[in-house]
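Student: I would like to learn how to read a model like this one, feature by feature. Could you take me through it slowly?

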Amino acid sequence: MITAIGGVLLRAVVVLSGTAILTFALLWHAPGDPAQAIAMARFDALLSDDVIDQVRQEVGLNTGFWQAFWAWLGPLLRLDFGYSAVTGRPVWPDLWAAMTYTFPLALAGLAIGLALSLPLAILATKRPGGLLDRAAVAIASLGAAIPAYWLGLLLILLFAVQLGLLPAMGARTPAHAILPAVTLGLGVAASLTRIIRSGILEARGQPFLPALRRRGVAGQAVARDHVAPHAAIPVVTLFGLELAFLLEGAVLVEVIFGRPGLGTFLVTAITARDFPHVQAVVVLTALVFVLVNLATDIFYRVIDPRIGAEDA
Amino acid sequence: MRSVALVVTGLVALAVLGPLLAPYDPTAIDIPNRLSGPTQTFPLGTDALGRDILSRLLYGARWSLGLAFLISVLSLIIGTSVGLIAALGGRIADWSLMRATDTFLAFPELVAAVVIAGLMGAGTWSLIFALSVTGWMRYARVARGIGLSVQSRGYVVQARLAGMPGWSIARWHYLPSLIPSLTVVWTGMFARAILGISALGFLGFGVQPPNPEWGAMLLDARVHMRSTPLQMIWPGLAVVSCVLAINLAGDALRDALAKDGQPG
């Protein structure tokens, strides 16, 4: 077990280093001169080539790829994201402010998604192949095909423009969060319904259940010791998957609804070629992803003796 | 399987014939008729520059479906190569290629595509690069898994011992096992590529105006939501119906293959 977890940790470290190199390579090879962008932000004026070259030297961009990479990585490891190339303000406070809009939105989306999909999936699996089941599958398929940005626009059209019930743009009041959260939640519900439904069907078909029952194991013990660990695996996998979905969805949804969250932060930064902002978002999302995957990987190994048996 | 054939034929016909059926030039500007609702002359209305929306949708099919096809095939080639090299190249190649795959998987697909396409400068080539480079990992994992399982099968070992050359083992033993599963993965990725193209187009980082691409059309239509709400409905419906058709065809294909008892 210890060596298996060590292997998982080693993998996470390798992947994290890989993400750092990839991110830096992307910024290094992007067209446009980062030194010029930084100089412009710092001095707020059109500059001569001399000044730009001076900045290039200061920031360490005049060296080779690897030297520049180490110079870039140092501050990053101390979670110092530097200064915006556009406003000159430190990156972290602005990034944190954006996250305080995105996290509640993602959580609300997840909550709405669960509240819709769990009852739907449970009802659908009461009679597999029945009318309700087929309806649930149809809704889930349709939901998976509807892009978040179009759904958002349709909701704005219906509830804000036609009915005038809810505000659409901005994030001034809690009511402003309703439409974005519902947009995100409906997308989450579609994918969750599918996964939970097949999870329940699969768990029901397990041959060990009748075997245990016939051996006279009490119902409670069966549920606690056999069904719950079995069901936990897809739930944890799902958490990792939904995290990706929520992040991607939030980016688009925030842009549509004009919420000043991570999505708007990222798109604005890309358009303005604000490299420090872009790199902060990319590095942070990759870090969260790797950590979540690491946690689920370790969790699998703790809960399911079959996984990782081939590593030992 | 009939539904699969139907969907494939329909989509190919749409991409090939669409532009021929279009009543107008999709970029022809007609200011006096701008933002018109559906009329006899303009069946789906016109956009802010008076361009015929039906014609733009039909030409847009070639952009969305054609690019999605290109992107999904490119990532299929990259992913399958990586997966097979990992499976057959020994432990070191396997470990390092799979960690590289994990690294690419560590970025949320769409976020990474937006960053790459945006930083490379908006345009069709950046779009193709961004979506291919973020879309090959699933193929790699599937191809590796099948490669590893086929490698130890009796008939492959026997073929190797009998002195069958490597390429013909690949052709006669690996390919038949790979094709069904990779086709199923491919349908999913094709649908994802359509969604990705339109998402990037909607954010302004994809196909650039005046080219008629469905996501970019949504971006144009969004501003005129109050005056001509229908303008926003059409491109979205086009995306949804294509993605839905492909996903359903993919499900049917998977079920049919599962019944045949194919591996994977």
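Tutor: Let us begin with burial: a residue counts as buried if 20 or more other C-beta atoms lie within 10 Å of its own. Please keep in mind throughout that this is a predicted model.

Student: Which residues of α9(B) are buried?

Tutor: The buried residues of that helix are Trp214(B), Gly215(B), Ala216(B), Met217(B), Leu218(B), Asp220(B) and Ala221(B). The helix α9(B) is therefore described as mostly covered, with 7 of its 9 residues buried. For chain B as a whole, which has 264 residues, the buried share is 45%.

Student: How many helices and how many strands are there in chain B?

Tutor: Chain B contains 10 helices and 0 strands, and its C-alpha trace spans about 75 × 40 × 25 Å along the principal axes. If we take the contacts in this chain between residues at least 6 apart in sequence, 69% of them join residues at least 24 apart.

Student: How do I read the way in which two helices pack, and at roughly what angle do the axes of α3(B) and α6(B) cross?

Tutor: One compares the directions of the two axes, and an angle over 145 degrees counts as roughly antiparallel. The axes of α3(B) and α6(B), the latter covering residues 137–151, come within 10 Å and cross at roughly 150 degrees, so the two helices are roughly antiparallel to each other. Their crossing is left-handed. On the side of α3(B) the contact is made by Thr101(B), Phe104(B) and Leu105(B), and on the side of α6(B) by Met137(B), Ala140(B) and Arg141(B). These residues divide into 4 nonpolar, 1 polar and 1 charged.

Student: Which residues do chains A and B bring to their contact?

Tutor: Chain B gives 35 residues and chain A gives 36 residues. Among the elements of chain B that give two or more residues to this side are α3 (91–105), α8 (166–203) and α10 (230–260), while the largest share, 9 residues, comes from α4(B). The side of chain B that touches chain A divides into 24 nonpolar, 6 polar and 5 charged residues.

Student: What can a backbone angle tell me, and what is phi of Arg273(A) near?

Tutor: Most residues other than glycine have a negative phi. Arg273(A), however, has a phi near 55 degrees, which is a positive value. This residue is found in the loop between α11 (262–271) and α12 (275–303) of chain A.

Student: Why does Arg273(A) count as buried?

Tutor: Arg273(A) counts as buried because it has 21 C-beta neighbours inside 10 Å, and the cut-off is 20 or more.

Note on methods. Residues numbered from 1 in each chain as written. Chains lettered and ligands numbered in written order. Predicted model: local features only at pLDDT ≥ 70, side-chain atom pairs only at ≥ 80, totals over all residues. Contact = placed C-beta atoms within 7 Å. Helix = DSSP H or I, 4+ residues; strand = E, 2+ residues; numbered from the N terminus. Nonpolar A, V, L, I, M, F, W, Y, C, P; charged D, E, K, R; others polar. Buried ≥ 20, exposed ≤ 12 C-beta atoms within 10 Å, placed from the backbone. Axes fitted to C-alpha atoms, helices over the stretch in contact; angles between N-to-C directions. Parallel < 35°, antiparallel > 145°, perpendicular 65-115°, else oblique. Left-handed = near helix turned anticlockwise from the far one by under 90°.
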